[in-house]
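Work through the exercises below with the structure open. Each task is followed by a stepwise solution.

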Amino acid sequence: MNTWLQRISAGSPLSYALYDEGYLTLGWHYLVQEGITDDAGIDSMIETGGNSQFLRRFVKEFAINDIVVVPLMDKKFFSVARITGEAKAINELPAEVVNRVSNKGVFFDEEGFYREGEDGLKVYFDIGFFRTVSIEKEAMRRVDATPVLQRNLKARGTNCHAESEDVQKAIDFVEPIPFSDKLAEALRKKTIDTIFDELNDWQFEKLVAWLMEKVGASSARVLPKNERDKRDGADADVEAVFDDLRLRILIQAKLYSGSTSDHAIDQIAKYIEQKRGSYDDGYGIQ
């Protein structure tokens, strides 16, 4: 048993709809149009070299029970499937599958899927061959794959070998229960409730100063309420100094919920303007 990676972007999103139905697809539609679908015809194409290696793998080397990793349309996810059928031309697709995946503007005839161009001519989707598959794992996150498999998923070619051990780890992977997110949300709500229930205005200002130090301020302090040079209603409650940034941040801290008034904004704006030029350390102020 081999393990492969197969991209199905040709003809997408139709090719992804077919994959959801259990049909893994390949491009090379022009071979179907030219009637080159038997072994002899395909062998002659493979001998030409170039990108025919992708055709050779899909038609000749993929085998029933092989595992295939399939990058999904959303590039953050991938799927894993098991091959259950031989390669066939797209015009051999069962009628009931054609009916399920076709939608408005998508048609099907003896050469495959097509849409009508502006000139009324048929424009065929580049889907030439398919294999039936059973999907083993759906929509796994790339970030949960091993580093080796993540590199495989970045391969530029249509198909390639994939490391079986790393693919098996992806199949066996069990996504953790998102307990940490739920716990963080519960703690956030409880913290906010406690702040409103237990702190007065001065204690809240002390909390803001402490938080500024925790996020990197070199120093932070609650400003005196009776500062002499405040004029015209100017006010600020906390000053945080960031030496590495050569920056001083002035904060108006209000312990209430909802939207603030223009008055509070005017207070801090006036205070910042009045303090510009009053420091001799050359730090910016905001």
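Strands are DSSP runs of E with at least two residues, and they are numbered from the N terminus. The model used throughout is predicted.

**Exercise 1. Examine the charge at D66.**
Locate D66, find the nearest side chain of opposite charge, and identify what the side chain of D66 reaches.

Solution. 
- Step 1. D66 lies in the loop between α4 and β3 (67–71).
- Step 2. D66 is buried. The nearest side chain of opposite charge belongs to R131, at 7.4 Å. A salt bridge needs nitrogen and carboxyl oxygen within 4 Å. D66 has no salt bridge.
- Step 3. Check for a backbone partner. The D66 side chain reaches the backbone nitrogen of N2 at 2.9 Å.
- Step 4. List the surroundings, leaving out residues up to four places away in sequence. D66 touches M1, N2, W4, E61, A81, R82 and I83.

**Exercise 2. Trace the salt bridges of E185.**
Which residues form salt bridges with E185, and how are they spaced along helix α8?

Solution. 
- Step 1. Side chains of opposite charge can pair when their charged atoms come close.
- Step 2. R188 forms a salt bridge with E185, with the closest N and O atoms 2.8 Å apart. E185 and K189 also meet in a salt bridge, at 3.9 Å from N to O.
- Step 3. R188 and E185 are three residues apart in α8, about one turn. E185 and K189 are four residues apart in that helix, so about one helical turn separates them.
- Step 4. E185 is at 33%, R188 at 44% and K189 at 46%. Each counts as partly exposed.

**Exercise 3. Inspect one further pair and a surface patch.**
How far apart are the closest N and O atoms of R141 and D144, and what do F179, L183 and L187 form?

Solution. 
- Step 1. The whole structure has 16 salt bridges. One of them joins R141 and D144, with closest N and O atoms 2.9 Å apart.
- Step 2. R141 is partly exposed at 35% relative accessibility. D144 is partly exposed as well, at 25%.
- Step 3. Now the patch. F179, L183 and L187 form a nonpolar patch on the surface. Together they have about 310 Å² of accessible area.
- Step 4. L187 lies in helix α8, residues 179–198.

Notes:
Residues are numbered from 1 along each chain as its sequence is written. This is a predicted model: local features need pLDDT of at least 70, side-chain atom pairs count only at pLDDT 80 or more; totals for chains, interfaces and linings use all residues. Side-chain values use heavy atoms; hydrogens and water are left out. Patches are made of residues with over 30% relative accessible area and no salt bridge: like charges are joined within 9 Å, nonpolar side chains (Val, Leu, Ile, Met, Phe, Trp, Tyr) within 5 Å. Accessible areas come from the Shrake-Rupley method with a 1.4 Å probe; for residues, only the protein chains shown count as cover. Buried means under 20% relative accessible area, exposed over 50%, partly exposed in between (1.4 Å probe, protein chains only). Lys and Arg count as positive and Asp and Glu as negative; His and the chain ends are not counted. A polar contact is a pair of N or O atoms within 3.5 Å; within protein, one must be able to donate a hydrogen and the other to accept it, and residues adjacent in sequence count only if both atoms are side-chain atoms. Contact means heavy atoms within 4.5 Å.
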